[in-house]
Amino acid sequence: MEYQPLSLVELNALVRKSIHTCLPDAYWLQAELSDVRTNYSGHCYLEFVQKDPKSNSLIAKARGLIWSNVFCQIKPYFERETGQAFVSGIKVLVKVTVDFHELYGYSLTIVDIDPTYTLGDMARRRKEILKRLDEEGILTLNKELELPELMQRIAVISSATAAGYGDFCNQLENNAFGFAFYPKLFPAVMQGDKVESSIIHALEEINRERDDWDVVVIIRGGGATSDLSGFDTYDLAAHCAQFPLPIITGIGHERDDTVLDLISHTRVKTPTAAAEFLINHLRETAERLDGYVSFFYEGIPSLLEKHKERLGQWVARIPVRVQMRLQNEHFAQERLTKRIQMAWQTRLLSERFRLQVDRRMAVALYARLQREKHRLDLLEQQVKAASPELLLMKGYSITLKNGKAVTDAAQLEPGDELVTKVAKGEFKSKVL
């Protein structure tokens, strides 16, 4: 069997030719950046990756390249529009050409980028973080804390070398009202990938001595807006939201609010604005105290004088009002006495009438009882007159047949035995 073998260069050349033939245009690609690095010549080398949304495992990967002449335009444009550094871990929408090199293999060359896609992804991540904080019930906890009237002990989280920190302290120290503030720096990294961990560490230090502080101020002066991604993390937001002291943020940007801004008690634009906020808050407290002092020295004496005059007027009215009250009570007593007398007379008349009625009823009842007694006596005499014993005493007799009185002689038959009762005794006979 005869065959013509290809060298590796020849095979790779065929692959390159095929790719250029099949994919001759530039294509918009959605992917996540990984391993972003820049070499001495200004070229940017990176990897595009795609992860499984459930397992977060890699399902696709490709090598990427941005030539220096394109990278010097794309990078500042992207960071200016998004406020996000062009670093690993962000999702981008880029326009790429598909290349294959015999020596370096398959790669994608970026020729353009659409920042709005990344802005949308960043907004989605912020929204997810805020939704999670809300579901956990901690989103507004720091905002619900009450600012102390005297915010003078200030725990400051910032970079020790940041110009914004110096501006903040200078503003507090040289305030026009001569107020005394006591700031203390708790150093933290304010840009890069250590923002989250260093700020959380500073918060933990402050929390250990939280009774010594009135408020926490997180400031970041100047710097690129592309460094703001460190303030858009869940862990940092959760720590700040649940922190027991009010947190004021002034991290030097105006266009967008980070998650940290949204959960903090008060958000201002810059470190200088944070100092002005503290000064104005103390000025308002001082004005209220001045008002209390003024009221104490001026208002209270005036108020006492006014009440003294009113008391004098009432004292002057007392004799007249007492006299009027006594007269009213006297009239009321007289009316009550008359009412009592009338009620008593009415009661006496009523009782007298009731007694008269009772007497008439008693007389009538007595007469009725006498009549009934007389009638009963008559009935008793009639009953006695009709008594069999009385008739027998008069000479009458009673003849009985079988215990029943015989009233008709026709009822008798020969042989019947009869019993005849007389006044004194009885005797038997037989019908013949």
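K51 is partly exposed, with a relative accessible area of 32%, where buried means under 20%, exposed over 50% and partly exposed in between, using a 1.4 Å probe and protein chains only. Its salt-bridge partner E32 is buried, at a relative accessible area of 16%. This is a predicted model, in which local features need pLDDT of at least 70 and side-chain atom pairs count only at pLDDT 80 or more, while totals for chains, interfaces and linings use all residues. Residues are numbered from 1 along each chain as its sequence is written, and side-chain values use heavy atoms, with hydrogens and water left out.

**Salt bridges**

- The structure contains 19 salt bridges, each defined as a side-chain nitrogen of Lys or Arg within 4 Å of a carboxyl oxygen of Asp or Glu.
- In the salt bridge between K51 and E32, the closest N and O atoms are 3.5 Å apart; this pair links distant parts of the chain, since K51 belongs to strand 2 (residues 44-51) and E32 to strand 1 (residues 26-38), 19 residues away. Helices (H or I, at least four residues) and strands (E, at least two) are DSSP runs, numbered from the N terminus.
- R124 and D121 form a salt bridge with an N to O distance of 2.5 Å, and both residues lie in helix 3 (residues 115-135), three residues apart, which is about one turn of the helix.
- Within that pair, R124 is partly exposed at 35% relative accessible area, whereas D121 is buried at 8%.
- D121 and R124 also belong to a network of salt bridges that includes R125 and E128.
- In helix 8, E329 and R325 are four residues apart, so about one helical turn separates them, and their side chains meet in a salt bridge at 3.1 Å, N to O.
- E329 is partly exposed, with 42% relative accessibility, while R325 counts as exposed at 53%.

**The barrel and the helices packed on it**

- Strand 4 (residues 91-101) and strand 5 pair in the antiparallel sense over eight bridges, pairing being assigned where DSSP finds at least two bridges between two strands.
- Strand 3 (residues 58-66) pairs with strand 5 (residues 105-113) in the parallel sense over two bridges, and L65 stands opposite T109 in strand 5.
- Five strands make up a closed barrel that runs 1-2-3-5-4 with mixed pairing; neighbouring strands of this sheet are turned by 55° against each other on average, direction ignored. Axes are lines fitted to C-alpha atoms, for helices over the stretch in contact, and angles run from 0 to 180 degrees between N-to-C directions.
- G64 stands opposite L108 in strand 5.
- Helix 1 (residues 8-22) packs on the sheet, where it touches strand 1 and strand 4, and its direction makes about 135° with that of strand 4; contact means heavy atoms within 4.5 Å.
- Helix 2 (residues 68-82) also packs on the sheet, touching strand 1, strand 2, strand 3, strand 4 and strand 5, with its direction at about 50° to that of strand 5.

**An enclosed helix**

- Helix 6 (residues 234-241) is largely enclosed by the rest of the structure, because six of its eight residues are buried.
- The buried residues of helix 6 are Y234, L236, A237, A238, C240 and A241.
- These buried residues pack against helix 3, helix 5 (195-208), strand 8 (215-219), strand 9 (247-250) and helix 7 (259-263).

**Exposed positions**

- L311, V315, I318, V322 and L326 make a nonpolar surface patch of about 460 Å²; patches are made of residues with over 30% relative accessible area and no salt bridge, like charges being joined within 9 Å and nonpolar side chains (Val, Leu, Ile, Met, Phe, Trp, Tyr) within 5 Å. Accessible areas come from the Shrake-Rupley method with a 1.4 Å probe, and for residues only the protein chains shown count as cover.
- One of the patch residues, L326, is found in helix 8 (residues 271-385) and is exposed, with a relative accessible area of 52%.
- K428, in strand 14 (residues 425-430), is exposed at 71% relative accessibility.
- Not counting residues up to four places away in sequence, K428 touches L418 and V419, and its C-alpha atom is separated by 7.1 Å from that of E417, which is eleven residues away along the chain.
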